[in-house]
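Visitor: I have a model open and some questions about it. Can you walk me through it?

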Amino acid sequence: MKVSAIITLKKDVLDPQGKVIHQALDGMGFENISEVRQGKYFEIDVNEDDPSKAKAVVEDMCKKLLANLVIENFKIIETQ
Amino acid sequence: MKSSVITFPGSNCDRDMDVALKKFGFNNKMVWHDDNELPKSDLVVLPGGFSYGDYLRCGSMASKSKIMQSVINFAKSGGLVMGICNGFQILVETGLVPGVLLRNKYLEFICKNVFVKLDNKENTYFKNLNKDVLEFHIAHNEGNYFCTKDQLKEIKDNNQIAIYYCNSEGKIEDQYNPNGSIKNIAGIFNKEKNVLGMMPHPERMIDQSLSGEDGSIFFKNLINNIK
Amino acid sequence: MEVNEQIAIDHGLKSDEYKKICQLLKRIPNITELGIFSAMWNEHCSYKSSRLHLKKLPTKGKKVIQGPGENAGVIDIEDGDAIVFKIESHNHPSFIEPYQGAATGVGGIMRDVFTMGARPIANLNSIHFGSPQHKKTKNLLRGVVHGIGGYGNCMGVPTIAGQTSFDSSYNGNILVNAMTLGLVKKNKIFYSKAAGLNKPVIYVGSKTGRDGIHGASMASASFDEKIEEKKPTVQVGDPFTEKLLLEACLELMSGDSIIAIQDMGAAGLTSSSIEMASKGNLGIEIDLNKVPCRETKMTPYEIMLSESQERMLIVLENGKEEIAKKIFDKWNLDFAVIGKTTNSKNIELFFNREQVAKIPVNILVENSPMYDRKWKKSKLPKKNKIKNEVLNKLKIKDVLKKVLSNQNICSKEWIWQQYDHTVMGDTIQKPGGDSGVVRIHGTNKAVAASVDSSAVYCWAHPLTGGKQVVAESWRNLISVGATPIAITNCLNFGSPEKEESMGEFVECVQGIGEASKYLNFPVVSGNVSFYNQTKEVGIKPTPSIGGVGLIKDYAKMISMDLKEIDNLVLIIGKTEGHIDQSLFARTILDEKNGPPPEVNLFNEKNNGETILNLIDKGYVKSAHDISLGGLLVAISKMCIKGNKGIKISKSKNLINEIEYFFAEDQGRYLIEVNKDDLKEVTKILNKNSVHHEELGIITQNDMIINEKTKVTIDELKSYYTNWLLKFMS
């Protein structure tokens, strides 16, 4: 079963990448932007048929490795 | 001979390149990334560094900066454009040379001397060089050259591979590949061979007190070829 | 929110400190004011436990332009050039978030240096981790190395030297000390002293977010089980913005707009504004609504205590605002006039047109607490008697293998290869030598820098340990042919509230002071990091010393690689056979007690100066100081680097062979000389009463010891290089 997770920086944590991408987009003429935040996206194929179990495994992965909980949040967005 | 070095906000090898070009006789000008006009030049250099912090993808935002349109036009009209390290990454992002530069295989920044084998001397950069193997210096996190099978065939057919990582005897083997580049590729040309992108820094090898002197050989030869 | 004693205590203030605040203010502070007091009066900013003792350090000298008290120290390197340098700790943040903690440590120290108008030309670091067996060590090491590289590499400043050690006392509290050297013209140095009334106070750099609120307080609190709660205070670094800030500041500094400049480091806007006002004996008024903020609804308390990185505070000359703004716009950085200097001698903060804080500046600075903490004197431990039978059972080759591959001796190439050490094109001695050396661009001069610490010696006897670290720094500079000029120190210790830890601090500082005074090697900058402990266990006392020296003609620089076959290697300084506290004793004999080797300052000075004289005359072909691991380790490294062998002739020394080769007696060096020069060299050494003896003769390959032990160069290399690679793979 495939599980997807998104890792984003916590709200108050500085996102240098997002900031510079924002400036570059501005410079290219995309003026209607108030903020850009960059994150990571994972697709993990888990050998597990029960969606809630698969989700739990990925959640555990996020907590232990994929996300740095000091500065990042994670969200399981999809299972299929 | 006139040269121009483009300074992006996060360039940090621009001065080193300026020093090297002047040492070997170029009349060099520094050009700010936000300028529109490129001064009259025989050679344009995109130096190493972290042009825009190297966020998103290395070189991606620099490739969209104002001066780059002039650089692209200059290259398309046959002008010599050389991209070193981050400059190579920028060239790749503009599409002037094919392929991409991924993160190093072992996910670590590498700073050390390497040997490179010249593959093609039918161009202004390497013509008349009496050596086939040069000792250069690398310092990068994203120098792992990659391209598709079709692209690889095309660049091989067109003799676009400029240099390979090798050992001091010129052997091109996996163990001498510092970053996982496909086929040990360290630098490539565009089809017309007037644009060269490479990861190694010849400008850090111009003095016996530094890492070595093979950079001097490269620059001396280059200015003679342009004259 | 009504402030009371409990809230003050939650801010890390002591009960009587809170009482003193109320007394000085003649009222109860509001929450913003309390936050300001807690930041200014914590250990990190006020040096309240250390000030009394730091005063005793020698800080003056002919070459000293600026001693401690500014953003960094400044020394004269002639021809109108000066070097600005300092070392600083970022221990606690690096343990919580190794990448960002180490990265912002490097960013912070570089800001300290370019705040004074100097372009950074070299970085160094001293990093200490727990036992390799400890489950966190590997990840912490990887994170810290990536963080240091990530920041320094992007800034385009070479990392030229460093030190890494492993010891179980750092299991729960690693150390990350970062040092930067910058180059400036003597007449273009910038200071933090504000001057003049109604001068605009400007804010430049990144926007202010909620990063690291109470980071400075965190640095002064020891780790306990509640550490998780402290996580959100870690700051995130943005080296790209710092690179822009560096270029923008240097551009503005080339003109005459700046009166005073101060970077916003620990305790951010609070400490920077108060320091500038205090030094200028002025008041300062700030409108907090004008501070560029990244988050919405930030309170005055948060704005004042934020530790967002890459920010500067500048007092400008009147009418220069437009010029300055243009420069910061060009570099895409925030710029805001946020206040002005006043004659009130108060710090006055306004928010939404209301005054939210008003504190006399002198209360915050001069009246900050200073403690004469209780401390325990340590005794010199008794010497161990090691039986000859024990030593005679050991085979030299086995011991050499174990010692050379020990984690605290082995090659750290895996680490420094991840640091750009050649950018700027002036690095003429890379990491892995005794000191890193960079040329002063466009001249024949070069500066050498090294960073050292010897926690084991300091732990065994702090006074001797303190002296030893300074002496080692001195030797490392001499070994590359540099004349030592001055040092910076980063004093990493446990809790000052514990008599043992405080005693270690006091006596290490005393030792540092004695050595630096005798060697005329003054302390020009530094920082103190207390509370390096987890629960009740403190780290081994770890003062890191960063030394800087000058090479007037870089063609005369010396490196440690053996140069020529048939040349001789001489041992300078006497080998007495001091084994206690040596790496040999700790790893082979498992003996952890006993005194560290004695430091004879007369010999250190005399031996060092004589070697400089020999170098100047061109007699020294390669040199290396003998330190951790002893004689055989030192010569092994010279063989490995030079890819040459050595035939070591039987020592006529009376002491046991093992003691001879692995003792860690101080004041010693190895130098390579040509046979033809031997007579003249010996004459000079004798004339200066420098003890010396011949170690052996350089050969093509293989190290042969007393005709019976053979170690090939490849074996030496594999002992030396494999450990760290294996550990990290």
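Visitor: How many helices and strands does chain A have?
Guide: Chain A has two helices and three strands. Helices (H or I, at least four residues) and strands (E, at least two) are DSSP runs, numbered from the N terminus. Along the sequence, the pattern in chain A is β-α-β-α-β.

Visitor: What should I know about the source?
Guide: This is a predicted model: local features need pLDDT of at least 70, side-chain atom pairs count only at pLDDT 80 or more, and totals for chains, interfaces and linings use all residues. Residues are numbered from 1 along each chain as its sequence is written, while chains are lettered from A and ligands numbered from 1 in the order in which they are written.

Visitor: Back to chain A. Is it spread out or compact?
Guide: Spread out. The radius of gyration of chain A is 16 Å, well over the 12 Å that the globule rule gives for 80 residues, so chain A is more spread out than a compact globule. The radius is taken over C-alpha atoms, and the rule is 2.2 Å times the number of residues to the power 0.38. Along the principal axes, the C-alpha atoms of chain A fill a box of roughly 45 × 25 × 15 Å.

Visitor: What share of chain A is buried?
Guide: Buried residues are 21% of the 80 in chain A. Buried means that 20 or more other C-beta atoms, placed from the backbone, lie within 10 Å of the residue's own.

Visitor: And chain C?
Guide: In chain C, 62% of the 729 residues count as buried. Chain C holds 26 helices and 28 strands. Its radius of gyration is 26 Å, close to the 27 Å from the globule rule for 729 residues, so chain C is as compact as a globular protein of that length. The C-alpha box of chain C is roughly 85 × 50 × 45 Å along the principal axes.

Visitor: Which chain C helices touch chain B?
Guide: Start with the counts: 20 residues of chain C are in contact with 22 residues of chain B. Contact means C-beta atoms, placed from the backbone, within 7 Å. On the chain C side, helix H8 (137-155) and helix H10 (239-253) each supply at least two residues. That side of chain C divides into nine nonpolar, nine polar and two charged residues. Here Ala, Val, Leu, Ile, Met, Phe, Trp, Tyr, Cys and Pro count as nonpolar, Asp, Glu, Lys and Arg as charged, and the others, Gly among them, as polar.

Visitor: How many residues of chain A touch chain B?
Guide: Six residues of chain A are in contact with six of chain B. The chain A side has five nonpolar, one polar and no charged.

Visitor: New topic, helix packing. At what angle do H19(C) and H20(C) cross?
Guide: The axes of H19 (residues 462-478) and H20 (residues 499-518) of chain C cross at roughly 40° and come within 7 Å. Axes are lines fitted to C-alpha atoms over the stretch in contact, and angles run from 0 to 180 degrees between N-to-C directions. That makes H19(C) oblique to H20(C). Angles under 35 degrees count as roughly parallel, over 145 as roughly antiparallel, 65 to 115 as roughly perpendicular and the rest as oblique.

Visitor: What about H3(C) and H11(C)?
Guide: Helix H3 (residues 31-40) and helix H11 (residues 268-280) of chain C have axes that come within 10 Å and cross at roughly 75°. H3(C) and H11(C) are therefore roughly perpendicular. Ile36(C), Ala39(C) and Met40(C) of H3(C) meet Thr270(C), Ser271(C) and Ile274(C) of H11(C). By class, that contact has four nonpolar, two polar and no charged residues.

Key
Two residues are in contact if their C-beta atoms, placed from the backbone, lie within 7 Å. A residue is buried if 20 or more other C-beta atoms lie within 10 Å of its own, exposed if 12 or fewer, and partly exposed in between; C-beta atoms are placed from the backbone.
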